[in-house]
Amino acid sequence: MPHPDEPSALAYTARRVRRHLRWARTEGVRRLIEEDRLDPVERARTALAKWRWRRAHPGPPGRAVPVYLVGLQRSGTNMLTRGLDADPSVEVRNENDRAVFHRFRLRPDPVLGAVIRRSRHRYVLVKPLCDTHRVDELLDLAGVAPGRALWAYRDVDDRARSEVAKFGDANLRALRAIADGTIGDRWQGQRLDAPTRDLVAGFDYDRMTPHTAAALFWYVRNSLYFSLGLADRPDTLLCSYDLLVADPAGSTRRLCAFLDLPYDPVLHAHVAARAPARPRLEIDARVRALCTTLAGRLDAAAGRREAVEHG
């Protein structure tokens, strides 16, 4: 059921059109086409490869393993999705898939479960970023094979810059609503513990910049990785965008090992290896300190997992 605070279909569509126009104006039409996978030739080529895989691997539906790609928006999830979509054994259900999502939120669990059970692929990749706070529940979704999760995270400055460029002050407005108690049951405020809510309430949002708000929101959402107990789960892999662009082949091999997929260079052919640029934004010192500490914890957790995988 739609949230009572949801805008009408017309207002929602108008808002998305404005956002896409701004994104195309600031980043270029080519970037928009790549971002939303709008190239019809590429989409047709991918669909054909998956059809051929199903023909070569006949079998009844109901055996697909769900893989949930979660984390925070503007953290490199599109890059990961594009790579996994290049494997024909993976069926991708992105955020704009209306069979699974309504306005970027997951439809009820029985609907999601039915879609996964109908699949004739080896894996069904679902990207419920707005439902990241539910990933522990989704991993135990009834009626399907036990799931796996990929938690993507990115350098806080790069993510904040990308967030503000595409979504403006959306994070600032969400944090203000969490602080003043008007967030209701919207996804931005879900499953935040009392210390996090108290922390959010302790800032002056009339004076906060959109970039500082984007950094604080990065802290709030990525903290869920630890508060939900995912750091101790063997069915969850922490995926660093910065490591992926620095070492596409190494990061992809690590991902394939986790999913038990055969490694193929085509899975990272779209990633140009580069050292990520890290110009620092003007972010409130208190928020900067919080993010620096959490980034260290995330990097350490990702390193621990990699050390285990390599013996």
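**Helix packing in a predicted chain**

The chain holds 14 helices and seven strands, where helices (H or I, at least four residues) and strands (E, at least two) are DSSP runs numbered from the N terminus. This is a predicted model, in which local features need pLDDT of at least 70 and side-chain atom pairs count only at pLDDT 80 or more, while totals for chains, interfaces and linings use all residues. Residues are numbered from 1 along each chain as its sequence is written, and side-chain values use heavy atoms, with hydrogens and water left out.

Student: Which residues of helix α9 are buried?

Tutor: Buried means under 20% relative accessible area and exposed over 50%, with partly exposed in between (1.4 Å probe, protein chains only). On the other side of α9, A194, P195 and D198 are exposed. In this helix, which spans residues 194-201, the buried residues are T196, L199 and V200.

Student: Why do these buried residues line one face of α9?

Tutor: The arc is taken from the directions from the helix axis to the C-beta atoms. Seen down the axis of α9, the buried residues line one face because they fall within an arc of 95 degrees.

Student: At what angle do the axes of helix α7 and helix α8 cross?

Tutor: Axes are lines fitted to C-alpha atoms, for helices over the stretch in contact, and angles run from 0 to 180 degrees between N-to-C directions. The axes of α7 (residues 156-167) and α8 (residues 170-180) come within 8 Å, and they cross at roughly 95 degrees.
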